[in-house]
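Work through the exercises below with the model open beside you. Try each task before you read its solution.

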Amino acid sequence: MLERQLALSERGWRVIAPHFRGFDGGSGDPPAHSIDDYAGDVVDLLDALHIHEAVFGGLSMGGYVTFALVRHASRYIRGLILADTKAQADTADAVEGRKRMIELVGTKGPAAVAEEMLPKLLGDNTRRTRPEVVGRVRALATSSSAEAITGALRALMTRPDSTPQLPTIHLPTLIIVGAEDTVTPPAAASEMHRAIAGSELVTIPEAGHLTNLEQPDAFDGAIVRFLDHRV
């Protein structure tokens with residue numbers, strides 16, 4: 001998912017893009033039960049690598065994991081990048097949608113989930129003009145196991161509301177959102193921007209929920225400016 005962003009290391013930053021448990025081709029780890037499980041795995045990785053401080057960037061579910069790290073492991077955090085994510089917990093309707101998706105992956109597998117989610121994940125412009133991106137996202141989705149997807153859906157639907165945290169964040173923070181994102185829309189990004197003092201908001205045109213894949217030059221450019229000048 002974030003393979004291209006590893007090249008940001010050429011600017012002198014050490015870039016680490018961990019696999020969440022279950023999404024790494026079969027490590028044998030049990031599926032996650034909560035967002036905190038993923039956050040705990042990230043802390044374990046940092047400790048294993050002897051990393052004491054980092055800028056944490058999370059896109060979509062990665063943003064929810066980043067909020068969990070703010071709650072439980074703030075001493076590691078030097079700055080935040082919150083991309084195509086939001087602070088609120090799932091609504092009742094969203095929880096029901098997750099349950100339907102769990103049923104779908106159980107009966108028809110990851111490919112059915114991929115086809116269901118593609119129109120929501122990618123912006124209209126991407127779906128019309130970037131077939132290679134559509135194919136890439138489909139391949140990423142279908143490479144995941146049914147168990148990993150089910151674990152992620154359960155973690156998503158039970159995550160806490162992070163809205164009360166926002167005013168307590170006093171770190172360099174970059175918020176990125178695709179102009180065509182309907183999953184975590186620009187309005188949610190603006191709400192985070194208003195609540196986190198001193199944060200920067202970048203809206204990327206012609207991108208939906210996966211800005212780093214749909215408009216990678218704009219996405220990387222926003223991160224480079226933030227890392228070079230704000231952190």
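Predicted model: local features only at pLDDT ≥ 70, side-chain atom pairs only at ≥ 80, totals over all residues.

## Exercise 1: buried or partly exposed?

**Task.** Take the salt bridge between D41 and R21. Decide for D41 and for R21 whether the residue is buried or partly exposed.

**Solution.** 
- Step 1. Find the contact. The side chains of D41 and R21 meet with an N to O distance of 2.8 Å.
- Step 2. Locate the partners. D41 belongs to helix α1 (residues 35-48), while R21 lies in the segment before α1. They are 20 residues apart, and the pair links distant parts of the chain.
- Step 3. Recall the cut-off: buried means under 20% relative accessible area.
- Step 4. Apply it to R21. Its relative accessible area is 16%, so R21 is buried.
- Step 5. Apply it to D41. Its relative accessible area is 27%, so D41 is partly exposed.

## Exercise 2: other salt bridges

**Task.** How many salt bridges does the structure hold? Describe the contact between D90 and R98, then find the residues linked to R4 in a network.

**Solution.** 
- Step 1. Start with the total: the structure holds 13 salt bridges.
- Step 2. Turn to D90 and R98. Their side chains meet in a salt bridge at 2.7 Å, N to O. Both residues are buried.
- Step 3. Go to R4. A network of salt bridges links R4 with D217 and D220.

## Exercise 3: the cavity

**Task.** Describe the largest cavity and what lines it.

**Solution.** 
- Step 1. Think about the method. Empty space shows up when a probe the size of a water molecule is rolled over the atoms.
- Step 2. Count. There is 1 cavity of 30 Å³ or more.
- Step 3. Give the volume. The largest cavity holds about 40 Å³ of space.
- Step 4. Name the lining: I35, Y64, F67, R71, K86, A87, R159, P160 and S162.
- Step 5. Sort these residues. The lining has 5 nonpolar, 1 polar and 3 charged residues.
- Step 6. Find the main contributor. Helix α2 (residues 61-72) gives the most, with 3 residues.
- Step 7. Look back. R71 lines this cavity, and R71 also forms the salt bridge with D36.

How values were computed
Residues numbered from 1 in each chain as written. Heavy atoms only, no water. 1 Å grid on protein atoms, 1.4 Å probe; cavity = no way out; pocket = protein on both sides within 12 Å on 5 of 7 lines; lining within 4 Å. Points joined across faces, edges and corners; volume = space filled by probe spheres on them. Helix = DSSP H or I, 4+ residues; strand = E, 2+ residues; numbered from the N terminus. Nonpolar A, V, L, I, M, F, W, Y, C, P; charged D, E, K, R; others polar. Salt bridge = Lys/Arg side-chain N within 4 Å of Asp/Glu carboxyl O. Buried < 20%, exposed > 50% of the residue type's maximum accessible area, 1.4 Å probe, protein only.
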